[in-house]
Amino acid sequence: HPATPTSRTPRLVSAMSSRRGAAASSSSLPSSLSDSSIASLLASYAQTLKTVAASSKSKANLVKLESQINELAENARQRTPPALNTTAELVQVVAWKLTRGKTRPNLLKWAGEHKDATVKNASSEAAKVLRETKDVAKAIKPLCELKGIGPATAAYVLAILDESVPVMSDEALEMTGTREYTEKRLKALVNEIQAIAKRTQSCVADVEKALFVMFHGGGERESEDAPAAKKQRKA
């Protein structure tokens, strides 16, 4: 359960419930984000991470993982071609995704079963396809051939390798439409976040972080409404 709220910081459960019951159209959110509102939301990102981390035992390592992931992304992007070099790095990315979102122990187990060479080949090929085609749906295919890796997890890997791709977080999905873990939904999410980033002269990672903060009720929200989220059973 979330930590006891203050008068200025709504409970995570309340924030999520209010968003799931909202009836605003998905087109209203992007138009409400500006460079100044994104900057304001980003200023609350670190505190929002701490609040989410304190909400349950399964998320306790979120802040530490976030720092480790930032270092991994910096190293992975400097490689030629960009890639995850080891199974341990893939496990780290999957752990970050699961800690940020919903815990699914089998995904972490399966990630640890892949060989270093398999991880390196799949991730480098994904980065190559993305660089050549600019098509995220095509780029995730080498990664999705690995057991336990679906579009959402593949997007997290791509986000480590290429700054043009945002993570496919539950928060970003619900704040821009429906929570569906499909190639089609990923492509729509990427296009929308990239458009917001271009319009506000922000990087895509910062736009996703702003959506993360908005979902959890942090920062200065310009709109209290968000698209209604549909319940999904897909992993």
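Colleague: What should I know about the numbering and the model before we start?

Modeller: Residues are numbered from 1 along each chain as its sequence is written, and side-chain values use heavy atoms, with hydrogens and water left out. The model is predicted, so to speak of local features we need pLDDT of at least 70, side-chain atom pairs count only at pLDDT 80 or more, and totals for chains, interfaces and linings use all residues.

Colleague: OK, helix α14 then: how many residues does it have, and how far does it reach?

Modeller: Helix α14 (residues 204-215) has 12 residues and reaches 17 Å from its first C-alpha to its last, close to the 16 Å expected at 1.5 Å a residue; helices here are DSSP runs of H or I with at least four residues, numbered from the N terminus, and the expected span is 1.5 Å times one less than the number of residues.

Colleague: And how many of its residues are buried?

Modeller: In α14, 9 of the 12 residues are buried, so the helix is largely enclosed by the rest of the structure; among them are Val 207, Glu 208 and Phe 212. Buried means under 20% relative accessible area, with exposed over 50% and partly exposed in between, for a 1.4 Å probe and protein chains only.

Colleague: Switching topic, how many aromatic pairs are there?

Modeller: A search of the whole structure finds 2 aromatic pairs, where rings of Phe, Tyr and Trp (its six-membered ring) pair if their centres lie within 6.5 Å, and planes under 30 degrees apart count as stacked, over 60 as edge-to-face and the rest as tilted. The rings of Tyr 45 and Phe 212 have centres 5.7 Å apart and planes at 65°, so this pair is edge-to-face.

Colleague: Which helices hold Tyr 45 and Phe 212?

Modeller: Tyr 45 lies in helix α4 (residues 45-53) and Phe 212 in helix α14, so the pair ties together parts that are 167 residues apart in sequence, and both residues are buried.

Colleague: What about Trp 96 and Tyr 156?

Modeller: Their ring centres are 5.1 Å apart and their planes stand at 80°, so that pair is edge-to-face. It links distant parts of the chain, with Trp 96 in helix α6 (residues 87-100) and Tyr 156 in helix α11 (residues 151-161), 60 residues apart. Trp 96 is buried, with a relative accessible area of 6%, and Tyr 156 is buried at 3%.

Notes. Helices (H or I, at least four residues) and strands (E, at least two) are DSSP runs, numbered from the N terminus.
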